[in-house]
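Hello! Here are a few notes to go through with the model open beside you.

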Amino acid sequence: MHSFHYYEGRLRGEGVDLAELAAVHGTPLYVYSTQTITDHYRRLDAALAGLDHLICYAVKANSNLAVLDLLARERSGFDIVSAGELFRVIHAGGKPECCTFAGVGKTRDEIEYALRQGILSFNVESEAELELINTVAGELNRRAPVALRVNPDVDAGGHKYISTGKSENKFGVGLDRAREVYAAAAKMPHIRLRGVQMHIGSQITEAGPFARAVAKVAPVAAELKRDYGIEFFSVGGGLGIVYQSSLQSGQEAWWRQEPAEAAPSLTVEQYADAIVPALQPLGLRILLEPGRFMVGNAGVLLSTVQYLKTSDHGKRFVIVDAGMNDLIRPALYQGYHEVVPVREPAPDAPRAAADVVGPVCESGDFFAQARELPPLRQGELVALMSAGAYGFTMASNYNSRPLAAEVLVSGSDARVVRERQTLNDLIRGERTARDAEAAV
Ligand SMILES: *Cc1c(COP(=O)(O)O)cnc(C)c1O
């Protein structure tokens, strides 16, 4: 579900009028819904009630401190991929002992920082990494908690850039080699084997790949529990969301409206049904690492139509003030975002195909191509829907564009949770030769 709906012809996030937010805070502007995030967390948590489990939210999807704080209050754990993300989690009130550390390229400094903070587990992706963790832990006179990421060689479908569970991907260690690596790890004096982990990809919208991967790894997990006393099996993230949803309008208050989207292709209940039966008999603690599912539909990116333009060939362009530097999913992996006017179009408004593009000097800087859209005017606001995951976290200063502001709404309250960058922010830390001389 999500909490963005038309009310009396105007788009709202929960009870907050988005046009008013844009008027106060400018565009491009990310807006997140508290209700959607907590609802998604609670629904997943409830679907897994039959299992001893810990949800470790994948911070890379949306790492704003306010979002992390919300989830920490729900008692979520966190899946991090860098020292920076761990720093954020701690700063937001999350507990290091509920953090798993993923990623193929952890540095010595990151390993040391995570060890000192006392994380739950390093999810190790190679033998070389295992050796470095053992060495660093030895220097600190500690034992590092470790799980090995195994690669179940399951095709999860989707774009090739977000598929991770095939043997040709860079992630994890092949299932056939897992026992060998555990045997080696068990001999390392500063390693403590705590679990096994997998993550087969992202934006997976059917239960089959999850079920197949769990079926492949569960017997190995049972053996590892018997032989090494591992305590947990992390089944990773990857739960997909609905990007193509049609907004509903109504006179009802936002909190009483039906969820304004088509039935998701994979519900949390279906997901749980696919994996719980194979997991329950293991007697292991089950960890999950959802990112997109938790926050994807909880955010929109508000943008203003700057110009309308028609090419010589009659192609229509809607040029907006958000760019690929603000939201790179369409450019990076053909990610889809619904584009809706913030002022509700008449039901019978004519639709015509247009490309919605940003101001960045790249042909890849588009949000929609040949999209059937109602008439849009210069100066009008549009919302790029489902931009809560892998939106702001992938933003950059490309073209020297300041990073957008972020707002979190809750009921009828709206709070700025990140200020818009200023032009001075853009050059912070930089020096010309002249500056260097002046400083001497
Ligand atoms: C990115 C990632 C996730 C989260 O993926 P989503 O598709 O956002 O759920 C979970 N685990 C690992 C190891 C990841 O790299």
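1. Is Leu-327 buried or exposed? With a relative accessibility of 1%, Leu-327 counts as buried (buried means under 20% relative accessible area, exposed over 50%, partly exposed in between, using a 1.4 Å probe and protein chains only). Please bear in mind that this is a predicted model, where local features need pLDDT of at least 70, side-chain atom pairs count only at pLDDT 80 or more, and totals for chains, interfaces and linings use all residues. Residues are numbered from 1 along each chain as its sequence is written, and side-chain values use heavy atoms, leaving out hydrogens and water.

2. Leu-327 belongs to the loop between strand 16 (316-320) and helix 11 (329-333) (helices, H or I with at least four residues, and strands, E with at least two, are DSSP runs numbered from the N terminus). Not counting residues up to four places away in sequence, Leu-327 touches Tyr-30, Leu-301, His-337, Phe-367, Leu-384, Ala-387, Tyr-390 and Gly-391 (contact means heavy atoms within 4.5 Å).

3. Searching the whole structure gives six aromatic pairs (ring centres of Phe, Tyr and Trp, its six-membered ring, within 6.5 Å; planes under 30 degrees apart are stacked, over 60 edge-to-face, the rest tilted). Tyr-57 and Phe-78 make an edge-to-face pair, 6.5 Å centre to centre with 80° between the planes. Tyr-57 is in strand 5 (residues 53-58) and Phe-78 in strand 6 (residues 77-80), so this pair ties together parts 21 residues apart in sequence. Tyr-57 is buried at 0% relative accessibility, and Phe-78 is buried at 1%.

4. One aromatic cluster is formed by Tyr-30, Tyr-32 and Phe-392.
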